[in-house]
Amino acid sequence: MYILMISVLFTLVVSMLVMMVASLLSKKVVVDREKSSPFECGFDPKGSARLPFSLRFFLVAVIFLIFDVEITLLMPLAYIISLTNIFTWLFAGLMFLLILLVGLYYEWLKGALEWSE
């Protein structure tokens, strides 16, 4: 037990030391205006490169990821149908789909699915 505590402490100290050294070595001291500005074929930029990003695109991407993960979680249900009781399988599948449908209904009520305002 004593050796385990020493090895965990040693691992934590070494990892923190490596992180601090990496942080000190990676600091950029000189901020150059040319390096901070966007490059447009040698010409001065006409507008700001930091345009505001529409939140609708982000919300659609997050909703897509949620339902993409849903499909990967539903796939094993088709495999285990022969390994389990049909009522247990049906209950688990329906509860999973019900939770997702409630989430979809909530997003619909909040207006996250409406593209135009």
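A: Accessible areas come from the Shrake-Rupley method with a 1.4 Å probe; for residues, only the protein chains shown count as cover. Here the chain exposes about 11,100 Å². Carbon and sulfur atoms supply 75% of that area.

The model is predicted: local features need pLDDT of at least 70, side-chain atom pairs count only at pLDDT 80 or more, and totals for chains, interfaces and linings use all residues. Residues are numbered from 1 along each chain as its sequence is written, and side-chain values use heavy atoms, with hydrogens and water left out.

Q: How many helices and strands does the secondary structure of the chain come to?

A: Helices (H or I, at least four residues) and strands (E, at least two) are DSSP runs, numbered from the N terminus. This chain has four helices and zero strands. Along the sequence the pattern reads α-α-α-α.

Q: What share of the 117 residues is buried?

A: Buried means under 20% relative accessible area, exposed over 50%, and partly exposed in between (1.4 Å probe, protein chains only). Buried residues make up 8% of the chain.

Q: How do I check the span of α3 and α4?

A: The expected span of a helix is 1.5 Å times one less than its number of residues. Helix α3 has 25 residues and reaches 38 Å from first C-alpha to last, close to the 36 Å expected. Just after α4, glycine 111 takes a positive phi of about 85°.

Q: Which residues of α3 and α4 are buried?

A: An α-helix has 3.6 residues a turn, so residues three or four places apart point the same way. In α3 the buried residues are Arg56, Ile63, Glu70 and Leu77. In α4 they are Gly93, Leu100 and Glu107.

Q: What covers them?

A: Read cover through contact, meaning heavy atoms within 4.5 Å. The cover of the buried α3 residues includes α4. The cover of the buried α4 residues includes α3.

Q: Is glutamate 70 buried or exposed?

A: Glutamate 70 lies in α3. Its relative accessibility is 12%, so glutamate 70 counts as buried. Leaving out residues up to four places away in sequence, glutamate 70 touches Phe96, Leu97 and Leu100.

Q: And glutamate 107: buried or exposed?

A: Glutamate 107 lies in α4. It counts as buried because its relative accessibility is 18%. Glutamate 107 and isoleucine 63 are 44 residues apart in sequence, yet 9.0 Å apart in space, C-alpha to C-alpha.

Q: Which residues form a nonpolar patch on the surface?

A: Patches are made of residues with over 30% relative accessible area and no salt bridge: like charges are joined within 9 Å, nonpolar side chains (Val, Leu, Ile, Met, Phe, Trp, Tyr) within 5 Å. A salt bridge is a side-chain nitrogen of Lys or Arg within 4 Å of a carboxyl oxygen of Asp or Glu. Here Phe53, Leu55, Phe57, Phe58, Val60, Val62, Ile66 and Trp115 form the patch, with about 840 Å² of accessible area together. Phenylalanine 57 is found in α3 (residues 55–79). At 48% relative accessibility, phenylalanine 57 counts as partly exposed.

Q: Which residues does UniProt list for "transmembrane region"?

A: UniProt positions are given in the numbering used here, feature names are shortened, and annotations may be inferred rather than shown by experiment. The unreviewed UniProt entry lists residues 6–25, 57–80 and 86–106. In the model, residues 57–80 are 96% helix and 0% strand, with end C-alpha atoms 36 Å apart. Residues 86–106 are 100% helix and 0% strand, and their end C-alpha atoms lie 30 Å apart.
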